[in-house]
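The following exercises concern a single protein model. Please work through each task before reading its solution.

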Amino acid sequence: MFYHIIMVFARPLCHVLFWPVLRNKENIPTQGPGIFAGNHLGVGESFLLPVFSPHPVSYPAKAELFRTDTIFRRFAGWFLRKMRQVPMNREGGASAHQALGEIQAILDNGGFVAIHPEGHRSEDGRLYKGRTGVARLALTTGAPVIPFGCFGTRFTRKKGMPFPWMFRPVLDIGEAFTFPEDMRKAYLSSSNREETGAILREATDQVMAKIQQITGQEMVDDYSYVRKQIES
């Protein structure tokens with residue numbers, strides 16, 4: 001209920017403030033489950049997809065946003081939870097697996113989730129190597145993957161503007177797809193870690209290729225967080 005009430009106000013406000021554009025709306029499934037998977041250029045994507053989607057969308061959000069050391073952070077964490085966001089440690093580990101479990105439960109109940117496989121924002125506009133969470137969820141639940149591309153979702157400051165702004169962002173929805181049944185069976189029946197990893201990588205690369213077809217971005221065979229560490 002809270003999510004729907006917020007979206008009643010957020011949808012028209014987003015349209016008035018940013019003039020966003022939605023392309024290929026017909027590719028959004030009429031019913032779930034579904035996994036939206038898209039590129040990650042700026043924070044605007046976390047507003048854009050829920051505003052345009054006719055279904056509630058849950059996002060894994062970085063765990064730092066759910067800290068409770070101040071009243072403001074406690075409120076922010078409470079609000080994000082109410083907006084169906086799931087805290088996730090982007091460095092992996094047990095907490096990340098727990099978050100994937102929460103997201104899987106949403107899919108098992110016919111809901112929609114959205115994930116940026118790159119994990120971190122692309123600072124240079126290129127499309128980086130995807131992490132395997134999307135593939136893991138899709139192969140486990142059988143939920144279709146809905147690739148999408150975002151453009152202009154980074155808040156930037158233009159001449160004459162006193163603060164950063166998002167200028168006419170675009171959300172382009174691709175056709176939903178599912179992985180072949182033999183790939184899914186091989187993943188679910190595999191007890192070999194190396195084989196499982198190979199299946200997940202192949203599936204993840206397919207997802208990234210679908211996203212790249214929409215965005216036209218140059219692809220980088222490296223993780224975005226690794227590139228950030230090298231540059232810093």
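**Exercise 1.** Does Phe-9 count as buried or exposed, and why?

*Solution.* The model is a predicted one. Begin with the location: Phe-9 lies in helix α1, which covers residues 2-18. Next, take its relative accessibility, which is 59%. Exposed means over 50%. Phe-9 therefore counts as exposed.

**Exercise 2.** Identify the surface patch to which Phe-9 belongs.

*Solution.* Phe-9 forms a nonpolar patch on the surface with Met-1, Ile-5 and Val-8. Together these residues have about 480 Å² of accessible area.

**Exercise 3.** Determine which residues of α1 are buried.

*Solution.* The buried residues in α1 are Tyr-3, Met-7, Cys-14 and Phe-18. For the protein, 42% of the 232 residues count as buried.

**Exercise 4.** Describe the geometry of α1 and what follows it.

*Solution.* First, consider the span: the 17 residues of α1 reach 23 Å from first C-alpha to last, close to the 24 Å expected at 1.5 Å a residue. Second, locate the bend: α1 has a kink of about 30° at Val-8, shortly before the proline Pro-12. Finally, examine the residue after the helix: Trp-19 follows α1 and has a positive phi, near 50°.

Technical notes
Residues numbered from 1 in each chain as written. Predicted model: local features only at pLDDT ≥ 70, side-chain atom pairs only at ≥ 80, totals over all residues. Heavy atoms only, no water. Buried < 20%, exposed > 50% of the residue type's maximum accessible area, 1.4 Å probe, protein only. Patch = residues over 30% accessible without salt bridge, like charges linked within 9 Å, V, L, I, M, F, W, Y side chains within 5 Å. Areas by Shrake-Rupley, 256 points an atom, 1.4 Å probe, with all protein chains shown as cover. Salt bridge = Lys/Arg side-chain N within 4 Å of Asp/Glu carboxyl O. Helix = DSSP H or I, 4+ residues; strand = E, 2+ residues; numbered from the N terminus. Expected span 1.5 Å × (residues − 1). Bend = angle between axes of the 7 residues up to and from the residue.
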